[in-house]
Amino acid sequence: MALVLGMCWGVDQLLKKLFPKDARQQSGKVVRLPRRTAIFGVLLTFFPVALELNSARSLEWFWHLAAAVVLLLGAWLLWQYFSFSVYYDDVGFTYRNLGRRAQDFRYEDILGQRSLLTRAGVNSTLYLPGCEIPIYSAMQGAGDFLQKAFYRWCEATGTDPDSVENNPQYLTWFPEPK
């Protein structure tokens, strides 16, 4: 047991050295996909592996195929969860998404926002030069990020916060883009 924990600690230290975090990522202020995405990803990755390890010889080919599909779905959910993030601080924010390099923005770069109310919640899109950031009400830290971004945007652009029509309950803080 101690050997396994020691190996895990060693791998963790190695990963910290290989992929160091910048100051914005270390601040802990982040917008992420809902935690249930990661939980379902872990479960959908674990169960097919357990099924294959426990009863691989007694299963028919169909169950092996189904286990492989479920395993791929779980891995995809985990990849989605760990690849999307918006790290932010008092100066700006870093947007990272699946298949994209991390992009740094300042709050004054924000061009506008559109929100759509659905049965599942509020879907917002934050418009930036050459980029659109989707933000959903189910995301962890979405409301705090938009509030911070709005007040920093007002400060940077010289806009009076009371002059902008917004609705924080529906994650709508910024004006429509022009």
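The side chain of D89 reaches the backbone nitrogen of V91 at 3.0 Å, and the backbone nitrogen of G92 lies 3.0 Å from a polar atom of that D89 side chain. D89 itself sits in the loop between β2 and β3. A polar contact here is a pair of N or O atoms within 3.5 Å; within protein, one must be able to donate a hydrogen and the other to accept it, and residues adjacent in sequence count only if both atoms are side-chain atoms.

| D89 side chain to | Distance |
|---|---|
| backbone nitrogen of V91 | 3.0 Å |
| backbone nitrogen of G92 | 3.0 Å |

Please keep in mind that this is a predicted model, where local features need pLDDT of at least 70, side-chain atom pairs count only at pLDDT 80 or more, and totals for chains, interfaces and linings use all residues. Residues are numbered from 1 along each chain as its sequence is written, and side-chain values use heavy atoms, with hydrogens and water left out.

Now to α4 (61–83). Helices (H or I, at least four residues) and strands (E, at least two) are DSSP runs, numbered from the N terminus. Buried residues (under 20% relative accessible area, 1.4 Å probe, protein chains only) in α4 include A67, G74 and L77. The buried residues of α4 pack against α3, β2 (85–88) and β3 (92–96), with contact meaning heavy atoms within 4.5 Å.

α4 also supplies three residues to the lining of the second largest pocket, the largest share. Among the lining residues are W76, L77, Q80 and Y136.

Terms used: On a 1 Å grid over the protein atoms alone, a cavity is a set of points where a 1.4 Å probe fits but cannot get out, and a pocket is an open set with protein on both sides within 12 Å along at least five of seven lines; lining residues have an atom within 4 Å of a point. Buried means under 20% relative accessible area, exposed over 50%, partly exposed in between (1.4 Å probe, protein chains only).
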